Amino acid sequence: MAYYLKYRPQKIADLDNAKLRETLGAVLKGIDNDNGSPDLSTPVKQANSLANARSVPHAFLFTGPKGLGKTSTARIIAKIVNCENRKKGDIEPCNVCESCISITKGNNVDVLEIDGASNRGIDEIRDLREKIKLAPVSSKKKVYIIDEVHMLTTEAFNALLKTIEEPPSHVMFIFCTTEPQKVPATIVSRCFHISLSLATPEELVRSLQRIADGEKLSISKDALSFIAELADGGFRDGSKILEEMAMLANGKEITREFVAERYNVSDIDHLISQFLQNLYEKKTKESLTLIGELVTQGVDIKYFINQLLQALHQLLLREMGLSTTEKYNDIKFSLNEIQILANSLQQAYRDTKFAVVAQLPLEMITVMWCQQEEVKVEKAPFTISSKPTMETLLKKEKNLKVKSILNPEVKKEEKKEETASVQGELPENIDSLTALLENIIYKVKPFNHSVAGVLRGCTITSIGNGQIVFQTAYKFHKEKLMEPKTFDTLAQTIKEVTGKEYKVMIELKQ
Ligand SMILES: [Zn+2]
């Protein structure tokens, strides 16, 4: 039997999602107060009833991505309300009584699992409403678990609504869906709604550890965390990878290296740098060929994009002077380019989850990126828009091209203007000072990458009377800039950019 089914959580404590465990623990505390009509025959009993008025909700709604255990949780609740051995005050099902076992096996006549996708019409819901009136056959409560409830038609929802508003006391509903936004608000508001988010690495490790213990697998802690990383927030995916590794290891110890090798990620560092280099050089064909190779080798595309984003993160930190990584030394994306690529890759990452052809989203952004050659030249030192996207850049490029066709001189003139604005008399407003700094960074970068990074953390506070003042909040940035060689480069660059000689001052921001 697949690990995922074999190790399906059978009680609240088995649930790996911490939020779910805690919420259900709190909600189900009132379970023993839920015995149909309260006994109000004496004043004392009335008072008790009021004190114990809290009872379990009669309708739950679980929402969240696939593979997080929504239906498993629904079954656990069904067991808890129907368990024959459960002691008062205890919320866990016994898992050995007839009721518990039949629910685990999926053949309890009073616990009905309905697939919303294939029972979505009004007739099915009407039929359900008729049957709901009948008392449970052998359990305390009839539990209706409707999976993918968002698939129901509007009429079906309306019919269901009436039932949820005034359900017979022997009925409980549990709705599950991956698309909460498609469930009418009127339904949501009548349910106890628990929204599940992707599993955290810790939760995934907990879940994998439970399986590894159960199977008596020999596996290192490193390997578990690595599988958790590959599972990308899904318990089901995690258990599938672990199962595959256990089969391949065939009794031997499962190490991180073993997983990396089997998962075709051992060479990933090299592939990442090669791919980034291709993007940097705008080599469309080579980039696409590399993606093709990934697919042939069976590398998980989502994992590859994930690692690309990690690399961009390193490049961003280096650009800001916060990292001195030696990796990707030949790749000198500007801040703007890092931003555009990161945004596009995040989009591709999300799209990949639902893509029919897994590599297509990555291929598309690759082509878009490589085809628009203007980015480098055109964006050069001047503006960093708040959130540039591939679309806006393409639009920009298109406009530019149109203009250039209409008047071949336009582009040249635009360039001249831009340069002139920093070379002429320098009005001291924030924008021009920022532009000046950007221009200095642009010129310094080819000679000294790390100084360019440091300058990004600085501002120019004033220029005039033969003096230019830089300000930084970090002592080590100031020290770096004051180093004789750096200082000379900086002074020389300022002269080149402004056409004048300035005395350079570096101040520490107080
Ligand atoms: Zn039981």
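The questions and answers below concern a predicted model.

Me: How many helices and strands does the chain have?
Reply: The model is predicted, and the chain in it has 510 residues, of which 30% count as buried. Its elements are 24 helices and eight strands.

Me: Among contacts with a separation of 6 or more, what percentage is accounted for by residues 24 or more positions apart?
Reply: The contacts considered here join residues with a separation of 6 or more in the chain. Within that set, the share of residues 24 or more positions apart is 71%.

Me: Which residues touch the most other members of the largest nonpolar core?
Reply: The largest nonpolar core has 35 residues. Elements that give two or more residues to this core are strand 1 (59-63), helix 4 (70-82), helix 5 (98-105), strand 3 (142-147), helix 7 (154-165) and strand 4 (171-177). The members that touch the most others are Phe60, Ile77, Ala78, Val143, Ile174 and Phe175.

Me: Is Phe175 buried or exposed?
Reply: Phe175 is found in strand 4. A residue is buried if 20 or more other C-beta atoms lie within 10 Å of its own. For Phe175 there are 29 such atoms, so the residue is buried.

Me: Which residues are in contact with Phe175, leaving aside its neighbours within four places in sequence?
Reply: Phe175 and Gly116 are 59 residues apart along the chain, with their C-alpha atoms separated by 9.3 Å. Once the neighbours of Phe175 within four places in sequence are left aside, its contacts are Phe60, Leu61, Ile146, Val149 and Cys191.

Me: What is the distance in space between Leu128 and Thr163, C-alpha to C-alpha?
Reply: Leu128 belongs to helix 6 (residues 122-133). It has 18 other C-beta atoms within 10 Å and is therefore partly exposed. Along the sequence Leu128 and Thr163 are 35 residues apart, whereas in space the C-alpha to C-alpha distance is 9.7 Å.

Me: What is the phi value of Asn95?
Reply: Asn95 is found in the loop between helix 4 and helix 5. It counts as partly exposed, because it has 16 C-beta neighbours inside 10 Å. Its phi is positive, in a residue other than glycine, and is near 65°.

Me: Where is Lys282?
Reply: Lys282 has a positive phi near 55°, although it is a residue other than glycine. With 16 C-beta neighbours inside 10 Å, it counts as partly exposed. Its place is in the loop between helix 13 and helix 14 (284-297).

Me: How are helix 13 and helix 15 oriented to each other, and why?
Reply: Helix 13 (residues 268-280) and helix 15 (residues 301-319) pack at an angle of about 70°, and their axes are 10 Å apart. Angles of 65 to 115 degrees count as roughly perpendicular. The two helices, helix 13 and helix 15, are therefore roughly perpendicular.

Me: Which residues make the contact of helix 13 with helix 15?
Reply: Helix 13 passes helix 15 in a right-handed crossing. On the side of helix 15 the residues are Gln307, Leu308 and Ala311, and on that of helix 13 they are Ile268, Ile272, Phe275 and Leu276.

Me: What is the handedness of the crossing of helix 9 and helix 11?
Reply: Helix 9 (residues 201-215) and helix 11 (residues 235-249) have axes that come within 10 Å and cross at roughly 40°. Residues including Leu204 and Leu208 in helix 9 meet residues including Phe235 and Leu242 in helix 11. By class, this contact has seven nonpolar, three polar and one charged residues. The crossing is right-handed.

Me: How are helix 14 and helix 17 oriented to each other, and why?
Reply: Helix 14 and helix 17 (residues 360-371) pack with their axes 9 Å apart, at an angle of about 165°. Angles over 145 degrees count as roughly antiparallel. Helix 14 and helix 17 are therefore roughly antiparallel.

Definitions and conventions. Residues numbered from 1 in each chain as written. Predicted model: local features only at pLDDT ≥ 70, side-chain atom pairs only at ≥ 80, totals over all residues. Axes fitted to C-alpha atoms, helices over the stretch in contact; angles between N-to-C directions. Helix = DSSP H or I, 4+ residues; strand = E, 2+ residues; numbered from the N terminus. Parallel < 35°, antiparallel > 145°, perpendicular 65-115°, else oblique. Left-handed = near helix turned anticlockwise from the far one by under 90°. Contact = placed C-beta atoms within 7 Å. Core = buried A, V, L, I, M, F, W, Y, C linked by C-beta atoms within 7 Å. Buried ≥ 20, exposed ≤ 12 C-beta atoms within 10 Å, placed from the backbone. Nonpolar A, V, L, I, M, F, W, Y, C, P; charged D, E, K, R; others polar.
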